[in-house]
Amino acid sequence: MVNAVLFWVIAALTVVPALSLLFARKAVHIAMSIVLVMVGLATAYVTLGAPFLGVVQIIVYTGAVMMLFLFVLMLVGVDQKEDLRETLKGQRWIGLLTAAGLGAFLVSIVARVSIPAAEEAVSGEPDVIAQLLFEEYVLVIEVLGFLLITAAVGALVLTHVPRLKPRRTQLEVQRDRVRVGADPVNKPFPGVYARHNALDVPALDPEGEPIAGSVSRVLKIRSQTQEGEEFRAQLEDPSRKEGDR
Amino acid sequence: MDPINFVILAAILFAIGSAAVLLRRNAIVAFMGVELMLNAANLALVAFSRIHGEIDGQVMAFFVMVVAAAEVVVGLAIIIAVFRARQTISLDEPAELKG
């Protein structure tokens, strides 16, 4: 027999988060509550004498499936608005009624049945399951292998986007840049003599003129740059020695 | 407590999942409803395995899990493909097939 307190805890842990499917607005919140539901179901499996299935439930559902859901949610954008217009009139109420009716029907039928439960739970340990899987159901296992491979290849095919234009090589990219008139080499780095925080000081060209392009655009917008003129003056002043401030 | 209560719990979860499929427009949320229904079926299988003292129910639940995993992979790939084509995952948008 099953511990009553444990049953009610599992029931609360599964039904309450599952209701978020109907009432929560954000898909990420729903996914996280479904993770809770999966954990609750894993607990139920362990309670019912199926420890192997409980662990598989955690690994497959909370670990792989729900994370895949979150991944896809990230990919399509978390802030996808759900549109609440009714394309079919009264669909919401009909749907709710149908689902509630289905639930009431199932519950009323099941509640009327009484099957004497076996006294001891069968052992759902991995070795017992494995024995059954690879003896009686070995053909099914093979077919499931095919199914998984087909599904993986199908997902690859479905999400694959064929390339419309041939890929541009590095050589072509560089050639185009030069044709437009860009400098073929790197921009000069900022900083003269690496003094203090030298990122804010423009580099000097061979004539001693500061090169404006060598300082980060962001620092320029924040006006946190220095002119570089003072360093040029230092360059030309023979009375100052290296290391003077 | 009688393990048949877990079957009732499974029925309730199945109803919630089906309500989500019927009511929600967001394809991913509706898909999570499908997942919940599959899990409810699993719970019923495991509960019956406990009631009858047979292990086959657990093996069937295991098979359902594998099939559900494959289904999730393909389903989410389809959702991504639809999203790429029309920048939405609303279930009401792709209405070209109507007669």
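**Chain B and its interface with chain A**

Of the 99 residues in chain B, 59% are buried, a residue being classed as buried if 20 or more other C-beta atoms, placed from the backbone, lie within 10 Å of its own. The structure is a predicted model, in which local features need pLDDT of at least 70 and side-chain atom pairs count only at pLDDT 80 or more, whereas totals for chains, interfaces and linings use all residues. Residues are numbered from 1 along each chain as its sequence is written, and chains are lettered from A in the order in which they are written.

The secondary structure of chain B consists of 3 helices and 0 strands, arranged along the sequence as α-α-α; helices (H or I, at least four residues) and strands (E, at least two) are DSSP runs, numbered from the N terminus. The C-alpha trace of chain B spans about 50 × 25 × 25 Å along its principal axes. Its radius of gyration, taken over C-alpha atoms, is 17 Å, whereas a compact globule of 99 residues would have a value near 13 Å, according to the rule of 2.2 Å times the number of residues to the power 0.38. Among the contacts in chain B with a separation of 6 or more, 45% involve residues 24 or more positions apart, two residues being in contact if their C-beta atoms, placed from the backbone, lie within 7 Å.

Between the chains, 71 residues of chain A are in contact with 62 residues of chain B. The elements that give two or more residues to the chain A side are α1 (4-23), α2 (27-47), α3 (51-76), α4 (91-112), α5 (126-135) and α6 (138-159), and the largest share, 12 residues, comes from α4(A). By class, this side of chain A has 58 nonpolar, 10 polar and 3 charged residues, where Ala, Val, Leu, Ile, Met, Phe, Trp, Tyr, Cys and Pro count as nonpolar, Asp, Glu, Lys and Arg as charged, and the others, Gly among them, as polar.

Note on methods:
A residue is buried if 20 or more other C-beta atoms lie within 10 Å of its own, exposed if 12 or fewer, and partly exposed in between; C-beta atoms are placed from the backbone.
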